[in-house]
Amino acid sequence: MATSLPSVFDNFSPDKTLTGADYAYNVMQNLLMAKRNQEVLFLIIGKILCEIKDEELYKKLDYPTFGDFLGSEEVSYSKEAAYMYMRVYQYYVEYLQMGEDKIGQINLSRLSMMIPMLKKIGNKEQEMEKIEELSALRHGDFVLKVKQEKKSDKPSVYFSEAIDQWIVEYFDD
């Protein structure tokens with residue numbers, strides 16, 4: 001028999017014995033705590049998934065592979081999503097040792113897209129400066145910056161049906 005999980009509302013129920021401004025303040029505190037949890041929940045998921053994979057805990061739960069565990073009905077994470085959570089946790093928390101509040105201010109997809117650019121730098125202090133720079137960009141500017149970094153990183157390869165050949169384009173710095 002599976003144990004049931006506690007209700008998510010248990011930790012966010014206001015104290016009904018309070019009245020007036022005290023009650024309103026208590027409700028507001030619950031909202032702020034829920035918002036903070038929501039902003040960093042992906043880090044907790046990444047940490048737990050890393051532990052399950054690294055310690056091979058999925059085998060103790062009768063799953064032959066980590067992929068089978070992820071695809072189970074209860075867990076139901078795609079490998080792409082799971083590994084993104086894990087990469088973000090490992091890079092920003094374990095490697096850079098950034099605080100969860102700082103990480104929580106940056107969108108998950110942006111954090112994930114920054115990792116390849118940051119890893120090329122190879123210096124934690126400069127990587128932190130680059131995070132500040134990239135975090136300040138508007139979405140469109142950020143996407144443009146990522147595309148520019150990718151262009152200088154790898155050639156573009158595609159098949160042209162018009163000339164029936166593969167085309168490889170290199171980009172200058």
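Me: Aspartate 62 sits in the loop that runs between H2 and helix H3 (66–70). Why is aspartate 62 called exposed?
Reply: In this predicted model, aspartate 62 has a relative accessible area of 71%. The label exposed requires over 50%, so aspartate 62 counts as exposed.

Me: What is the phi of aspartate 62?
Reply: The phi of aspartate 62 is positive, at about 70°, although this residue is not a glycine. Most residues other than glycine have a negative phi.

Me: Where is aspartate 164 found, and why is aspartate 164 called exposed?
Reply: Aspartate 164 belongs to the loop between S1 and S2. Its relative accessible area is 57%; the cut-off is over 50%, so aspartate 164 is exposed. Aspartate 164 is not a glycine, yet has a positive phi of about 55°.

Me: How much confidence does the predictor place in the protein?
Reply: The mean pLDDT is 87, and 91% of the residues score at least 70. Confidence is highest in helix H2 (residues 57–60), at 96, and lowest in strand S1 (residues 156–160), at a mean of 77. Where pLDDT is low, the predicted coordinates should not be read in detail.

Me: What makes lysine 59 and glutamate 56 a salt bridge?
Reply: Their closest N and O atoms are 3.3 Å apart. A salt bridge requires such atoms within 4 Å, so the pair qualifies. Lysine 59 is partly exposed at 44% relative accessibility, and glutamate 56 is partly exposed at 36%.

Me: How do you know that aspartate 141 and arginine 138 form a salt bridge?
Reply: The N to O distance is 3.6 Å, and the cut-off is within 4 Å, so the two side chains form a salt bridge. Aspartate 141 has a relative accessible area of 33% and is partly exposed, whereas arginine 138, at 62%, is exposed.

Me: What does the salt bridge between lysine 145 and glutamate 133 tie together?
Reply: The closest N and O atoms of lysine 145 and glutamate 133 are 4.0 Å apart. Lysine 145 lies in helix H8 (residues 139–153) and glutamate 133 in helix H7 (residues 124–135), so the pair ties together parts that are 12 residues apart in sequence. Lys130, Glu133 and Lys145 are linked in a network of salt bridges. The whole structure holds 5 salt bridges.

Me: Why is lysine 145 called partly exposed?
Reply: Its relative accessibility is 23%. Buried would require under 20% and exposed over 50%, so lysine 145 falls in between and is partly exposed. Glutamate 133, at 40%, is also partly exposed.

Me: What makes Glu51, Asp54, Glu55 and Glu94 a negative patch?
Reply: Asp and Glu count as negative, so a surface patch formed by Glu51, Asp54, Glu55 and Glu94 is a negative one. Patch residues need over 30% relative accessible area; aspartate 54, at 54% relative accessibility, counts as exposed. Aspartate 54 lies in helix H1 (residues 20–54).

Me: Which residues form the nonpolar patch on the surface, and which strands supply them?
Reply: Val157, Phe159, Trp166 and Val168 form the nonpolar patch, with about 420 Å² of accessible area together. S1 and strand S2 (165–169) each supply at least two of its residues; valine 157 lies in strand S1.

Notes. Residues numbered from 1 in each chain as written. Predicted model: local features only at pLDDT ≥ 70, side-chain atom pairs only at ≥ 80, totals over all residues. Heavy atoms only, no water. Patch = residues over 30% accessible without salt bridge, like charges linked within 9 Å, V, L, I, M, F, W, Y side chains within 5 Å. Areas by Shrake-Rupley, 256 points an atom, 1.4 Å probe, with all protein chains shown as cover. Charge placed at Lys NZ, Arg CZ, Asp CG, Glu CD. Helix = DSSP H or I, 4+ residues; strand = E, 2+ residues; numbered from the N terminus. Buried < 20%, exposed > 50% of the residue type's maximum accessible area, 1.4 Å probe, protein only. pLDDT = per-residue confidence, 0-100.
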